[in-house]
Amino acid sequence: MIRLHDILDMISAYNPEADVDQVKKAYVFAAKAHQGQTRRSGEPYLVHPMEVAGILAKMKLDLPSITTALLHDTVEDTVATLEEVEQLFSEEIKDLVDGVTKLSKVHFTTSEERQAENFRKMIMAMAKDIRVIIIKLADRVHNMRTLEHMPEMRQVAIAQETVDIYAPIANRLGIQEMKIELEDLSLKHLKPDVYQMIDDQVRKKRVKREKFIKDIKQVIIDKMKEHNIQCDIYGRLKHYYSIWKKMEIQHIPLDQVHDIVAFRMIVDNIQQCYEALGAIHALWRPVPGRFRDYIAMPKANNYQSLHTTVIGPQGERVEFQIRTQEMHAIAEHGVAAHWKYKEGKLIEQEDEMKFKWIRKLLEWQTELSDPAEFLDTVKLDLFADDVYVFTPKGELLEFPRGSTPLDFAYSIHTDVGHSCIGAKVSGKIVPLRYELHSGDTVEILTSKKKLPHKDWLNFVKTSRAKAKIRQQLRQDEQEKVSTIGRELLEKACRKYKLSINQILKSKELAAYAKKSSYDVAGVVASIGYGKLSAQQVIALFVPKDDLKNDEKDQKAESVIGKIVRKIKRSKGMVKVGGMGDMLVSFGKCCNPIPGDPIIGFVTRGRGVSIHVSNCPRVLGQNKERLINVEWDMSNASTRIARIRVVCVDQPGMLAKMTEAITEEGSNIAGASITINDDKTATNGFDIEIKDLTQLRNVIKSLERVKGIISVERVRG
């Protein structure tokens, strides 16, 4: 347990002029306020604020932050008030305590709308004073360290919230030390079997790996002496969450994760960073594509280092990170490393732009009203890993990894995005799906007639591009449907010799619209959608006896109605050009299932072959033989989807996986199991599913099973 003098000693070490009387006073105030309170572990409650203050002191934060850490639960959990805090300390500390208190009431495991609202509160607090979220992160770190004392269901909920929200925020703030600890502790509670399996395998090879690290360090130290470079070098294993993510993403067992060992080299200046890099590459062959220069182009959170991976001794891949002492401080403590104690500022003016992602989140929380879209947007921004590209004029722009020229176009202006027909990257024409790389120079090609296509949503990465495309598609659809609705209503009006303009302006239609929870435009659109018939609207103006009951006209009055009836007669799973009962087959290369975006390819003698719209096999075919197709969602037929599940090899796992699949209403049509050398198993399942939603539910159900490492849909 940390003591008050430990915290005071840490403060004095990095800020000798600090007036620690304020911290002592906060300790006394918190001790009295929390007197008699205990945590679930049985410890005195005061242990928690003391540990939080210790975490912040280790990060070298300013006195108001450490004082707030000691006081952060007093207003929420005791009879203390904000007025008392302001009176005894200061307005600044009162505001910080108030901010942290509000964030303590923010939980992310509730319904979507509530979750979005709580997320908005957190973003506002971050924008107002970044120290609030740093204190909250320290609070979360200590709570995660003692999470085993909570009920199991709460452990899972808190751990999921931590890995979804708090770890990405720590990463975005550049606080790698916190991010790593939060991720590892989350994995320990979310997937204890996986965590234990990794831990067991790592411990087995500990002695061998420690010798490997020691030998590499000695080689590097000797090499740096040859070049007169003063260097501190540390060897370490990658943290468990990072190892698990690599296993999950690459669908490989632990013994195939090669670059588990990483070395961190700290030198005196930037010139020595590059000299050290050259010396390492002279020793061992670098792995192509694994060099990253984050010194020349820092990450959005101000992180700087040189990264390289080499084929080291015994053919094992080894990663090196080379940085200066100042870069190291920023890498470990991120935004907190920028503190200017005497002036009480968080970051210097010139550094403020490097944290503009917070302002970006602020913009989205005001622009996006739909909770689901807002949550998708901000989570995407939190998890983004950046690439840096140039405009033709040399301006540097940052994008999430995997971004395309379309993302670039929408970042310039919405109209540029809408009218984009192609792009030149470094002088060469590339497809819109091209993934941008750091250093690319991008030029957008436009056409006045071009508008967004729904397929764009399948490959754009940025939240801005997704939101603007969806917005335009909704607007286009509304316009088309309104046009159809007006045409159908106009046709009905001509039959009864009525004026459509008079009907649209009439009190009767306005009253009908209000009663039906529409406005007049909504009534017209509903006719286009087929939700209402033009005949229902005409009935407001024509006596019942005068209404013509022509069955053919009623069938013809709605284009949507025709399609709906055609769907009901169709026996096939896919409609080709709006027609059912066509001869179709499904491509084995991509194995499409209902819900996937699809395209048809007209074959010779075998009807239409159905593929996922981005299937490489179809993209290279003659475009004249491609045809628009759509799923017949009224059809109850099922398709076989293939999934690959990697799990810990232990008794009962197959039964748990089978139960998880059948719980979602899916049948298992086939299965295969392969036992791996690292005590994991790779399982293949062929499952019968109705649509993409059911498949996603099956995957989520499997991911919740303890012992599951990764779940992946297999296309071919």
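Helices (H or I, at least four residues) and strands (E, at least two) are DSSP runs, numbered from the N terminus. The model is predicted, so that local features need pLDDT of at least 70 and side-chain atom pairs count only at pLDDT 80 or more, while totals for chains, interfaces and linings use all residues. Residues are numbered from 1 along each chain as its sequence is written, and side-chain values use heavy atoms, with hydrogens and water left out.

**Exercise 1.** Locate Thr309, decide whether Thr309 is buried or exposed, and list its contacts beyond four places in sequence.

Solution. Thr309 belongs to strand β5, which covers residues 306-311. Its relative accessible area is 1%, and because buried means under 20% relative accessible area, exposed over 50% and partly exposed in between (1.4 Å probe, protein chains only), Thr309 is buried. With contact taken as heavy atoms within 4.5 Å, and with neighbours within four places in sequence left aside, Thr309 meets Pro286, Val287, Arg290, Arg317, Val318 and Glu319.

**Exercise 2.** Carry out the corresponding analysis for Asn683.

Solution. Asn683 sits in strand β20, residues 680-689. Asn683 counts as buried because its relative accessibility is 2%. Not counting residues up to four places away in sequence, Asn683 touches Ile643, Arg644, Val645, Cys647, Met657, Ser672 and Ile673.

**Exercise 3.** Describe how helices α13 and α15 pack.

Solution. Helix α13 (residues 206-226) and helix α15 (residues 270-283) pack at an angle of about 125°, their axes being 10 Å apart; axes are lines fitted to C-alpha atoms, for helices over the stretch in contact, and angles run from 0 to 180 degrees between N-to-C directions. Angles under 35 degrees count as roughly parallel, over 145 as roughly antiparallel, 65 to 115 as roughly perpendicular and the rest as oblique, which makes α13 oblique to α15. On the α13 side the contact is made by Val219, Ile220, Lys223 and Met224, and on the α15 side by Ala276, Ala279, Ile280 and Leu283.
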